[in-house]
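I opened this one to see how its chains hold on to each other. Here are my notes, in the order I looked things up.

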There are 2 protein chains.
Amino acid sequence: MIKIGLGQIEVVPGNPRKNKETILNAIAYAKAIRIDLLILPELCISGYMIGDLWEQPSFLSECEQIGQDIIAATEGIAVIFGNVGIDRSKHNDDGRVRKYNALFAAQNGTLVKSPNALYDFTVKTLGPNYRFFNEERHFYTLPKLAYENKCELTDLLQPLTFSFEYINGNKFQFKVGPLICEDSWDDNYMISPTKELATQVDLLVNISSSPFTLGKANKRHRLFQNQTKKLRIPLAYVNAVGIQNNGKNICTFDGQSTLYNADSHIVKCVKAYESTVVPVKLDEEPEILTVSTTNIDANTTDITPHSGIYNKTETASLFKALQYGIKKTLDYYGLKKVVIGISGGIDSAVNAALYSTIVPANDLYLVSMPSRFNSTQTKDMAAQLAKNLNAYFAICPIEDSIALTNKELNALTFTRLDDTGEKRKEIHPITALSAENIQARDRSSRILAAIAANMGGVFTCNGNKTEFSIGYATLYGDLAGFLAATADCWKYQIYALAEYMNGEIFKREVIPYKTIEVVPSAELSDNQDVTKGLGDPLQYEYHDRLLRTFIENWNRTTPEDILDAYKNNTLETLLELPHPIAHYFSTPTAFIEDLERWWNLQSGFAIAKRIQSPPLIVVSRRAYGGDLLESQLKPYYTEHYYRLKTELLK
Amino acid sequence: MIKIGLGQIEVVPGNPRKNKETILNAIAYAKAIRIDLLILPELCISGYMIGDLWEQPSFLSECEQIGQDIIAATEGIAVIFGNVGIDRSKHNDDGRVRKYNALFAAQNGTLVKSPNALYDFTVKTLGPNYRFFNEERHFYTLPKLAYENKCELTDLLQPLTFSFEYINGNKFQFKVGPLICEDSWDDNYMISPTKELATQVDLLVNISSSPFTLGKANKRHRLFQNQTKKLRIPLAYVNAVGIQNNGKNICTFDGQSTLYNADSHIVKCVKAYESTVVPVKLDEEPEILTVSTTNIDANTTDITPHSGIYNKTETASLFKALQYGIKKTLDYYGLKKVVIGISGGIDSAVNAALYSTIVPANDLYLVSMPSRFNSTQTKDMAAQLAKNLNAYFAICPIEDSIALTNKELNALTFTRLDDTGEKRKEIHPITALSAENIQARDRSSRILAAIAANMGGVFTCNGNKTEFSIGYATLYGDLAGFLAATADCWKYQIYALAEYMNGEIFKREVIPYKTIEVVPSAELSDNQDVTKGLGDPLQYEYHDRLLRTFIENWNRTTPEDILDAYKNNTLETLLELPHPIAHYFSTPTAFIEDLERWWNLQSGFAIAKRIQSPPLIVVSRRAYGGDLLESQLKPYYTEHYYRLKTELLK
């Protein structure tokens, strides 16, 4: 049996030179350990998430040239790799040069191609155009090519034939069915490349650049196991590792490359996030690996502060993705020193704890910036956290600065001539300065930004997805920072991370239990006094779930759907609520007022804040940023919503 | 001859209820003035740029229902309008319900459809997937539908037949060829719907939602005049007005709806940005309207400060787009009071002058925030500008606040236990506080944000495209604001706007000539002392053009192309430079050092700033924001670049 190499390499987006080096090293290593067929990821020379760099002809030529170098390096080995396929005699619909997301195969220094193929490479059949995948923007797909050439699409789906030697020196042919990422996820498309190819080949190969989201690895195992079981053909799946981004969304690529045998068993699954080439034979004994039969992120285990109850599998996976994402981000930009404002609350504590598992204590600077609204309790918790992490810690009260700003702005006099041009008008527009946002901006834009800049470091945004949803944060204040690592985590996941890190990573109380237990609060005014139990205007158990359906449901809900479900007593099911809705709201009026309050923010002013927010690390099936395209619009309620509302309030 | 109504209505994105009202009013008016066929824009119920709202089933139903209401309102008139076409029995490739960008036609309360059509509506054939157009993300196109139904695409391109009465009461049939926006821009596609339909119809109708960019109106006239001349068929083009956005990019929709007769003459062109229904007959005498034969934005007339020389047509168009965009943005969000930080420099002066043409002087607050680095000269110019505009003006020096921040941060002591846990380590990470960015953040995040918030107003970002390109601005400082109105204008266009507003709008020296003449400078340190002629590290005449080719060229250039052109003595042509390159750089070394300096920023750190920058108003053919997709990557130079560099430096 041939020896396959699962080439789960780290791909650096937009850096063909670096990727060439990685690939040539992988090929040399594969030759050294006598791998017959080395499989590398989709678009592993250019990277997948490179924005509109595809519009640079010089970048295309660079990728093409490096593709040639790789083919030349295949003496004595067979290699499959992803690269951009270019046809300069044709153009895309936008008039730019024709580009394909393509799979190249080479052996002994020459290309392996199908006898009747239109090109030297295999063209991706199914180009995804959802989430951050915009393949139609740059790549021509196989169905369009079939149309252009007036031929059947199935005629263009052809196997690749390699030639290997038995131990006795005789040769045999080995047919591979080439698939690129989405090609295997054919549920909703008009064609299934897998089915077309399966009858003609010895092995299906899927090369991917597939970012991590919670629950996706299990979903993928189920997909490929169903396919291999049905078709009785083994399949090798190879995914990249590393981080790639579209600006706002930093995706971690988790690899988890896998060989499935014809009995649909997992012969080998490469460790997540590990950059490596793993050899495996088709007839090897399968690994024992349990694949969860449910989608873990569909189920939310409840967290009550310090209960120790949370979904450990989900949280472990979440922690790993965040840790990898942060570490790779810091490494990529060469960032060493990290400054974190800590308030004693849960969000900054979880961020500080997370970073402490990556950044040496010597390079981690925690800053407490109390105002008179901060309780002794939270100030103590901030100090305790710093002590537990043994990071550098300083207290920088903001009272003097706030007082100065108050004084200066309250004294500010604007003047102009009146409209006759005769008399000078004077106004003092600011009488009672609203202090809340001034505090938040003072902390981030005045203190943290200056400290970070002067040390050549960065400061963090510690926001979560619940806050991002409703804009419960101050622009240029707590919404500022180089990275919002946890901004794709709902508040319940922040608590889960706290419990998980204390319990599994530190195995001691690093995040003070009091921080987990205290009522969540911004502490920007007397109305947010934690010592009186006053905090955020949210019931996170309910609101996390409500807001999640607005963004993460594949068919996104709106208030109309919420009222419909409320009326039909199915809201608990729709939102996966642990308690009846009456537990959270005693009357329809209270329920509807609350619904409109958050919908108005989520689909209104919060968007303005998200437009200027930092990048985040994607962990969910839908993150704010390019993953979800948002226009800055005003909140909208349908006619049906108003009818339902009237009915319910009668 | 039938009377056509060019229904150039204002479309509000994401507000079907509001659009329904506008459309019903337009229909009522059209009936009153005896229009036979009223033509309304593409997607005029939903709006075009609505992000991913297409994923909300309740929003789709709302659009569908309103479509029915509009059809019901067509008693005694024929109406063509754009709406989403939904087929709930099918799904898109992403598994969501099937959606089409569709054209609906109705007359006398019922739908007008082609006899053999698959649907009651016409499906858009060509779906653009470049710039901010992401049609494949949500809409199924006609070629895919043809493939799905195993029929010829041309069979699906069918005319719509209306029935009208002669004055004598006899009826006649009138055939219309339905086109949706991109369908007419068929240069690079496999099919030309225009050609297929032209032979079968009396009139081609193109309904569009086409945002303004400089030069596009002329390009469009040329396109349609060429088509009507060749095909000898009249064409009615109807475009929406209003503003729509994708988050970062605010597009103005300029309308300019036009009827071209079979001789290719313009019978009527509706005024730009005017929300109106204009009646026109096919046999009317054409208007006399000169269409420029060149693309105005390809040619850059040179601006030397206070020369009075600039491209007046381009600048008038630019001014109008910005003024309309700002006004509509303020109106849409109900914003009244605008706060602008003015430095005495050109960018803030142009922004203040622009806003003064929209916001009453009573609601315009100009703030000068000098530090010790600001010259008397620029301080005086700021005061002079405020006086010329007669807006509210105040001076708020930042010296005390900067001194306090310096004092606090220089005294800040971070402590931790050493790694043995025995000894307390103390460090003062900040010794000499770098003052430049502290000043910028103090101005925007401390002063302007607080003033604006406390007055219930907003403050502006006054950046230009040259600065945005290279990140020559401070995050949370001068890069902050609710809107960066001029961030899609190159520095030369900022000067042109100054000259234009003084000369054509105010007809007096509102922007002080000294502001136009002074060396552009950030005035954040002694190295930027304008009184010594020290300013920005840019030769705008050259750098505007260099940076423009990196982003605006359809095939985007990179340093490789620049060196290639430099070597071949074609750089002057490539960049459209008014002087030989030796005028700007005396040696290849200086030229290359400069090139790398700005490329490193443009394709590196400046991206991080743009991710968190405010929305801008689109005027160019390529704006930063969703128009250009950017991943945060590191600058890259191709192998060929390094070879050229070595050769040139030999």
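Predicted model: local features only at pLDDT ≥ 70, side-chain atom pairs only at ≥ 80, totals over all residues.

The rule I used asks for a side-chain nitrogen of Lys or Arg within 4 Å of a carboxyl oxygen of Asp or Glu. Side chains of opposite charge can pair when their charged atoms come close. The rule finds 10 salt bridges across the interface of chain A and chain B, and the count over all chains comes to 77.

Residues are numbered from 1 along each chain as its sequence is written, chains are lettered from A and ligands numbered from 1 in the order in which they are written, and side-chain values use heavy atoms, with hydrogens and water left out.

Next I asked how many residues the contact takes from each chain. I got 118 from chain A and 117 from chain B, with contact meaning heavy atoms within 4.5 Å. By class, chain A's side has 56 nonpolar (Ala, Val, Leu, Ile, Met, Phe, Trp, Tyr, Cys and Pro), 33 polar (the others, Gly among them) and 29 charged residues (Asp, Glu, Lys and Arg).

Then I looked up the area. The two chains bury about 10,400 Å² between them, 54% of it on carbon and sulfur atoms; this is the accessible area (1.4 Å probe) that two parts lose on being put together, summed over both. A:Arg137, A:Met190 and A:Tyr636 supply 7% of the area that chain A buries against chain B, more than any other three residues.

How are the copies related? I found that chain A can be laid on chain B with an RMSD of 0.0 Å by a turn of 180 degrees and a shift of 0.0 Å along the axis. That is the relation of a two-fold axis. Of chain A's residues, A:Gln612 comes closest to the rotation axis, at 2.1 Å (C-alpha).

Last, I looked inside chain A, where A:Glu135 forms a salt bridge with A:Lys124, the closest N and O atoms being 2.7 Å apart.

Key: Least-squares fit on C-alpha atoms with pLDDT ≥ 70 in both.
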